[in-house]
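Please look over the structure below. The report covers helix packing and strand pairing.

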Amino acid sequence: MEYDIESIASQFMLQGRLIEAASFGSGHINDTFTLRCQTDDGGKSYILQRINHQVFRNPAAMMENIRRVTTHIRGKLRDQAEELAQRQLTVIETNDGDACFEDDQGNFWRVYNRIEQAVTYDTLESPEMAYEVARMFGWFQRMLIDLPGPLLHKAIPDFHTTPKRFKNFQEVLHRDTCNRAKDAPAEIRFVLENAEICDVLPNLVGEGKIPVRIAHNDAKINNVMLDARTHKGVCVIDLDTVMPGLSLYDFGDLVRTATSPTEEDERDLSKVSMQISRFEMLAKGFAEEAHAFLTPAEKKYLTFSAKLITFEQMIRFLADYLAGDIYYKVHRERQNLDRSRTQMKLVQSIIEQEEAMNDVVEDVFRRIDAP
Ligand code: ADP
Ligand code: GN1
Ligand code: MG
């Protein structure tokens, strides 16, 4: 789809004159563009995004969440770390003072400052990076623990309600409108045989054992910006799904996206595995920031959360493949099926190493909590 980026950009309070716009990023939902503007003292860059409003049904509510969260984080940093405060996301207002702009076609757009000299990775390049990315998600949750005011809006209701994801999968499978179930018998069987994974966390929340906090809910490793030179964490981005959720969802997503040295749609499944050395770095990094607020039950279920979130993601990719690729962007045939297969392989790999992973987690907290 071609958009008139120049005209859309002109709706926002940008500094300088737009001189370049380019498509950017590898996300599955929104469309991202970089904007470069010429100013009197050099240049200024921005990130322009088209919000997928089929997925985010209430862009204004979502943007209110993002404004509150980013303002809170910048405000807290301003006292302790001014330089870091400057490198956090800021929502750039429209000329009318709104957080997003609706164009004639009903598309919703928003603009952020571009975080300079910072990078994201789809796959990790070193164990230190795993530590840092996980530390940043722990940090993010810690920064939001005292967010004042009402609960954040549910940007997508039941986003991580896995039993609902499972139910939707069953319905899609039953309809099999594209006649694709025949392509995935082993995967379908795996989902149906492991259904009990889905209910564990909702039950613990129901029993009051695990608290609902503010979570990022899309804690992929490429949603943390690292300093381009030092690779130290700078900020957490992609805040569309920040809303009430479990701390465990974010840790689980980190394990899902960081512990295999492969892309999410890798076709050679022999390369896909949960590498425990990477898991250990994730646990250490996350615990460094989160140990002070995590409850014993949350700590106990960290390993489980990895299995859960990877299984949930498998269900989501497989359901979308069966439904005809209507939710996630695909760039080739069977991509969603390939994505669901990597997730299945990862779940299997986690199941094989569950005990060792639990030992790692226990050890990490023993060391941190030791006087
Ligand atoms: P998606 O939902 O498509 O993953 P993101 O908000 O994560 O969208 O943006 C996609 C990519 O664009 C990110 O992984 C990051 O590399 C880059 N990006 C997004 N926002 C910024 C920003 N404010 N500054 C610099 N780069 C950004
Ligand atoms: C989507 O847009 P992106 O790539 O950050 C999805 C996540 C999935 C992820 C799988 C709103 O995230 O929930 O975990 O793809 N976002 C939404 O890679 O559904
Ligand atoms: Mg992203």
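What follows describes a helix pair, a sheet and a helix lying across strands.

**Helix pair**

The model is predicted. Helix 6 spans residues 185–193, and helix 12 spans residues 335–369. Their axes lie 11 Å apart and meet at an angle of about 50°. Angles of 65 to 115 degrees count as roughly perpendicular and angles under 35 as roughly parallel. Helix 6 and helix 12 are therefore oblique to each other. Their crossing is left-handed. Helix 6 contributes Ala186, Glu187 and Phe190 to the contact. Helix 12 contributes Ser340, Arg341, Met344, Val347 and Gln348. By class, this contact holds 4 nonpolar, 2 polar and 2 charged residues.

Which order do the strands of the open sheet follow? The order is 7-9-10, a sheet of 3 strands with antiparallel pairing. Strand 7 and strand 10 are the edge strands, and each pairs on one side only.

| Strand | Residues |
|---|---|
| Strand 7 | residues 118–119 |
| Strand 9 | residues 224–227 |
| Strand 10 | residues 233–236 |

Strand 9 and strand 10 pair over 3 bridges, in the antiparallel sense. Leu226 has Gly233 of strand 10 as its bridge partner.

**Helix across the strands**

Where does helix 4 lie? Helix 4, residues 127–143, lies across strand 9 and strand 10. Helix 4 runs at about 45° to strand 10.

Terms used: Residues are numbered from 1 along each chain as its sequence is written. Chains are lettered from A and ligands numbered from 1 in the order in which they are written. This is a predicted model: local features need pLDDT of at least 70, side-chain atom pairs count only at pLDDT 80 or more; totals for chains, interfaces and linings use all residues. Side-chain values use heavy atoms; hydrogens and water are left out. Axes are lines fitted to C-alpha atoms, for helices over the stretch in contact, and angles run from 0 to 180 degrees between N-to-C directions. Helices (H or I, at least four residues) and strands (E, at least two) are DSSP runs, numbered from the N terminus. Angles under 35 degrees count as roughly parallel, over 145 as roughly antiparallel, 65 to 115 as roughly perpendicular and the rest as oblique. A crossing is left-handed if the near helix is turned anticlockwise from the far one by less than a right angle, and right-handed if clockwise. Contact means heavy atoms within 4.5 Å. Ala, Val, Leu, Ile, Met, Phe, Trp, Tyr, Cys and Pro count as nonpolar, Asp, Glu, Lys and Arg as charged, and the others, Gly among them, as polar. Two strands pair if DSSP finds at least two bridges between them.
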